[in-house]
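Hello,

Here is the structure I promised to pass on to you. Please open it beside this email, and then read on for what turned up in it.

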Amino acid sequence: MTKSYKMSKDFLWGGAVAAHQLEGGWQEGKKGVSIADIMTAGNKDTPRRVTNGVVDGEVYPNHWGIDFYHTYKEDIKLLSELGINCFRTSIAWSRIFPNGDESVPNEAGLKFYDDLFDECLKYGIEPVITLSHFEIPYHLVTEYGGWTNRKLINFFENFAEVCFKRYKNKVKYWMTFNEINNQTNWRESHHLLQDSGLILDEKTNPEEAMFKAAHNEFVASAKVVKLGHQINPEFKIGAMIAMCPVYPLTSKPEDILKAQRAMQTRYYYGDVQALGYYPQWILNYFDRKNYNIDISKEDKQILKDGTVDYIGFSYYMSFVTEEKNYNELIYDEQNDLVSNPYVEASKWGWQIDPVGLRYAMNWMNDRWYLPQFIVENGFGAIDKLTSEKEIHDDYRIDFFRNHISEMEKAVVEDGVNLIGYTPWGIIDLISASTGEMAKRYGVIYVEQDDKGNGSKKRYKKDSFYWYKNVVETNGEKIN
Ligand code: P53
């Protein structure tokens, strides 16, 4: 079929990163310690560890990132050569409020983002900003216990208010919490830390703590959506969800039911943020489990008044589940997933499924009726720098081509309202799950190894030229 259509002419083509994964400069400009600064380096087989503060002799890759704090001018210039019109990054909370609970913001931190956003705007690149992307100030963990403490709602509001007022003429698209639903997998403690700043003792029920923390995040997010619209009615403030659709392994009715519960469990976050209330099944679940989530009448009103303007989401992979023992219908992300016989997986076990992107976009559209923004999509792989300083990453081009093709079908044929597309890790950076440099996503290569050694020079990969052509033709030429 030849394509006789185009994406809308104001479609946002960009690239995505997050502050803690590329800035480095972890102590510059009076920045405070964030939770990313106490996570050690890991790899595919060795999980990152969380240390008790910053410990001498440990290796913390987020301390150096790719040194973007110092190189952002050259990097933004390089990115501008792609022809992109937006750039998604986050504001490191600990640059603005080093401890998180101060009343006066840190001017040096604010100035850094002013300069960064100006640099983007200079090239016609619009910043798209996440307020909290896996990097809350560590002090909010040690002093307050993270997001299970309602005091964080207030601290977050202060942080958001300062950012909204300061950048109100430079930033239009915002997101509150990155991948708020990653903590569905609460058995893996790094998700609780990255999403909610939780380091739990043995006595605490992690699932209950997760639901409590998520509730406080919902309230904080809703308050900030309302506040943002007061500060600038033009603001578009979104949720940010890790979209991994969960399929049933077979057509066995119990498998179908299990996959449905899996989707409900992973995406009730979206229900609360998009619709403004909790679905009944989960309230019943809290009751059955005797969980005290503390959802007040006032909270319910706040959730209703602060629904998001759009659904930002990441898409990397799909999941499959089956029902092994149907008595109580629950979905346990750590134990209930099986592999999909129909798709291939990356070296890190992420199942590659472009069609799943179209499925997911339709599923969300049917459920939430909101504009969507693909704020992450990409392929983590080992790249080889040749002696000519080239990177032949056809596998990444294939990944992008197949996903963009399904994305365009979802938009043009299925009528999903999509604002933009920002591939993840547009420039190589530190992996969030493993802390590796070797798991690369970029169309720009950064010559640096897992230990932070290397020239740090930037090189355009083959995928750079390919993506540039996609952007320049507004998604028309993807072959
Ligand atoms: P890395 C899990 C599943 C899907 C997306 O991930 C995830 C995660 C958490 O690791 O995270 C997002 O670097 C996240 C980014 C992250 C990116 O996906 O683990 O928003 O910060 O870097 C890719 O390969």
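Let me begin with a term: two strands pair if DSSP finds at least two bridges between them. Helices (H or I, at least four residues) and strands (E, at least two) are DSSP runs, numbered from the N terminus. Please keep in mind that this is a predicted model, in which local features need pLDDT of at least 70 and side-chain atom pairs count only at pLDDT 80 or more, while totals for chains, interfaces and linings use all residues. Residues are numbered from 1 along each chain as its sequence is written, and side-chain values use heavy atoms, with hydrogens and water left out.

Strand 6 and strand 8 (residues 319-321) pair in the parallel sense, over three bridges. They belong to an open sheet of three strands in the order 6-8-9, with mixed pairing. Strand 6 (246-248) and strand 9 (337-338) are the edge strands, each pairing on one side only. As background, strands of a sheet pair through backbone hydrogen bonds, either parallel or antiparallel.

Strand 3 and its partners

Now find strand 3 (residues 126-132), where six of the seven residues are buried. Buried means under 20% relative accessible area, exposed means over 50%, and partly exposed is in between (1.4 Å probe, protein chains only). Strand 3 pairs with strand 2 (residues 86-90) in the parallel sense over five bridges, and the bridge partner of Phe 87 in strand 3 is Pro 127. Strand 3 also pairs with strand 4 (residues 173-177), in the parallel sense over four bridges. There, Thr 130 stands opposite Met 175 in strand 4.

The whole chain

How many helices and strands are there in the chain? There are 14 helices and 13 strands. The chain is as compact as a globular protein of its length, because its radius of gyration, 21 Å, is close to the 23 Å that the globule rule gives for 479 residues. That radius is taken over C-alpha atoms, and the globule rule is 2.2 Å times the number of residues to the power 0.38. The C-alpha atoms fill a box of roughly 60 × 55 × 45 Å along the principal axes. Of the 479 residues, 61% count as buried. Contact means heavy atoms within 4.5 Å; among contacts between residues at least 6 apart in sequence, 75% join residues at least 24 apart.

One glycine to click on

Is Gly 420 buried or exposed? Gly 420 is buried, with a relative accessible area of 0%, and lies in strand 11 (residues 418-421). Leaving aside neighbours within four places in sequence, Gly 420 is in contact with Phe 11, Leu 12, Gln 372, Phe 373 and Ile 374. Glu 58, by contrast, is 39 Å from Gly 420 in space, C-alpha to C-alpha, and 362 residues away in sequence.

Two positive phi angles

Most residues other than glycine have a negative phi. Asn 290, however, has a phi near 60°. Asn 290 sits in the loop between helix 10 (280-289) and helix 11 (297-305) and is exposed, with a relative accessible area of 66%. Lys 389 has a phi near 65°. Lys 389 is in the loop between strand 10 (372-377) and helix 13 (394-412), and is partly exposed at 35% relative accessible area.

Enjoy exploring!

Best wishes
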